[in-house]
Amino acid sequence: MQIWLLIVRRIVLSAVTLLLVSAFVFSVLEVLPGDVATRILGRDATPEALLLLREQLGLNQSSMIRYIHWLGGLLTGDLGRSLVSSRSVSEILAPRIFNTLALSVYAFLLYLPLTVIPAVVQALKRDMAVDHALSVVTLVLLSMPDFLLATILLLAFVLWIPVLPAISLVDDTSSYVEYLRAMTLPAATLAIVMAVYAVRMLRDNLIEVLDSDYIRMAELKGLSRGRVLLRHALPNALVPTLNVTALNLAYLIGGVVVVERVFSYPGFGTLLVDSLQLRDLPVIEATVMIAALVYVSANLLADIAAILLNPRLRTA
Amino acid sequence: MSEANIELIAPSQMRRNWLMLWRQMPLSFRIGSLILVVHLLVAVTGPFWAPYGYSQMGAGPPLSGMSLAHPFGVDQLGRDVFSRVVRGSWIVISLSLAGTLLGMLIGAIVGLLSGYVGGWIDEIVQRVLEALISIPFLVLALIAIAAAGPEYSGNPVLLVLVVALVYAPRIARMARTAAIDIATRDYVTVARLRGEKAWSVMCWELLPNATGVLLVEFALRAGYAPVLIGSLGFLGFGLRPPTPEWGLMISENRALLIVCPSTVLGPGLALASLVVGLNLFTEGLARVLGRTVKLGTQ
């Protein structure tokens, strides 16, 4: 019973967090700047245009009523209309979210081998040259801003190994192969950035597990090295990295902003940057809320998984 | 006679002590400090010996590659990229430090007080912090800049405030955890029984005992501030051209990547080596202070 209470508490807290995020986003973008219409149209806008935009945004109402109206829209799935193209925000968002989702899945597929293989190599060759070399490589990659890594990959694959396109422009007419080719470089960038955090952690976890009694027992039983590693060591070492993977998911939402921009990939991140430049408030608000929603849900899932996996909580 | 002897011995002994201390430091700390010292030296002295001005055109033939006179090449406008990188150093470093320091100040005060006071105040503060943290840090920085409006765009003060806004909630969460731990110690109970106010308990009991945690946290955050500032510059929301900020330079010269890669790799190398130095320093510092630090948890 206790376990369900804990989970329900976490869910309620997440909902409260999202509510606060919505209040913050709304007040920062629509209340703090004073007259939003002037902000959007600029100082030299005609009074008629300002009046029209004020009406369109409902600026003649109090900010509290506007907030409640906007929040109600969010909850019922009505995200409003773009100020620039006058299409509905959900219509603009849907293909962008699909593209970013596809990119993220691709990045996660690359992320798994990029994490596990170097970590296993490092743990098995502990304190040998390979281990140290890989530690240096992960440290350098860890310190490299993602836009720089993306730029260097771009240089490498366009100039020296010209197999992949430099600009990842795709639309509905692109074939699957074109999609995959276009997504490879951005996905690889995201995967490398995510993997370096996880490699360092998985290496330490693996070494700790390999030193434990039950691994020695398994080795003494005469099990093969590979079986000990895959069947006994890895699963136990992977559990603590679940948390890092949730953190990585959180990074991913911010990371796509920069990485998609580098490759001009038409996803969620490019949409955010573009709508910030155009000051398209409804689109900005919707993208920020979705980013927060993904972050909060990822953390919620990681916490619930931790609660369910923790045997000490089971009997409590 | 004896006085003269002491004077003769003391400096060399002191030097030996420093050397001993230096040798006992972890390797990562030593390498990190060396990289940081080089960066600081360049930042402080660079403006005096950089061969060209940061916006001085006609330094060489535009888009000519690496050469002895122009180690990082010459950009589209004929500006020497190496001089720009050197002159940009103090901008990147001072903005990063100022932003992190401000974020640290706000974050430490909020976190320590809220953790010590507890109760419903702490509950509310925690919710607000969590809400701010659940907006990805780059997205938070971008909407803060959007809210400030076009008249402040490119303003270095705005950038410092944005770095502080992004870091303060994350530092506050760390400080809060530390405060909750310290608050259970006897000396805090004694101070409370003495009738000390929360503010003075924070200043005289919590803060001195949380120094280790806060120092490591500061170093860790300061290591990512140049990346954040660079990312904003890269996206066109940071400092304005012709400021020689490294992220902005990478973005400006990206179109020249194939013609003249060194104009991008030069500022990239500067940025990456600064962050490597800060990360190594942080890892070493954490080990000296007997703490573990997870690099890269932004």
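How many residues of chain A are in contact with chain B, and how many residues of chain B take part? In this predicted model, 43 residues of chain A are in contact with 37 residues of chain B. On the side of chain A that touches chain B, the elements that give two or more residues are helix H1 (2-31), helix H6 (129-142), helix H7 (146-160), helix H8 (176-210), helix H11 (241-263), helix H12 (268-278) and helix H13 (281-309) of chain A. By residue class, this side of chain A divides into 37 nonpolar, four polar and two charged residues.

Chain A itself contains 14 helices and zero strands, and its C-alpha trace spans about 85 × 60 × 35 Å along its principal axes. Of the 316 residues in chain A, 35% are buried. Among the contacts in chain A that link residues at least 6 apart in sequence, 70% join residues at least 24 apart.

Within chain B, the axes of helix H10 (residues 246-253) and helix H11 (residues 262-288) come within 8 Å and cross at roughly 160 degrees; because angles over 145 degrees count as roughly antiparallel, H10(B) and H11(B) are therefore roughly antiparallel to each other. The crossing of these two helices, H10(B) and H11(B), is left-handed. On the H10(B) side, the contact is formed by Trp246(B), Met249(B), Ile250(B) and Asn253(B), which meet Thr263(B), Val264(B), Pro267(B), Gly268(B), Ala270(B) and Leu271(B) in H11(B). The residues of this contact between H10(B) and H11(B) comprise seven nonpolar, three polar and no charged.

Terms used. Residues are numbered from 1 along each chain as its sequence is written. Chains are lettered from A and ligands numbered from 1 in the order in which they are written. This is a predicted model: local features need pLDDT of at least 70, side-chain atom pairs count only at pLDDT 80 or more; totals for chains, interfaces and linings use all residues. Two residues are in contact if their C-beta atoms, placed from the backbone, lie within 7 Å. Helices (H or I, at least four residues) and strands (E, at least two) are DSSP runs, numbered from the N terminus. Ala, Val, Leu, Ile, Met, Phe, Trp, Tyr, Cys and Pro count as nonpolar, Asp, Glu, Lys and Arg as charged, and the others, Gly among them, as polar. Axes are lines fitted to C-alpha atoms, for helices over the stretch in contact, and angles run from 0 to 180 degrees between N-to-C directions. Angles under 35 degrees count as roughly parallel, over 145 as roughly antiparallel, 65 to 115 as roughly perpendicular and the rest as oblique. A crossing is left-handed if the near helix is turned anticlockwise from the far one by less than a right angle, and right-handed if clockwise. A residue is buried if 20 or more other C-beta atoms lie within 10 Å of its own, exposed if 12 or fewer, and partly exposed in between; C-beta atoms are placed from the backbone.
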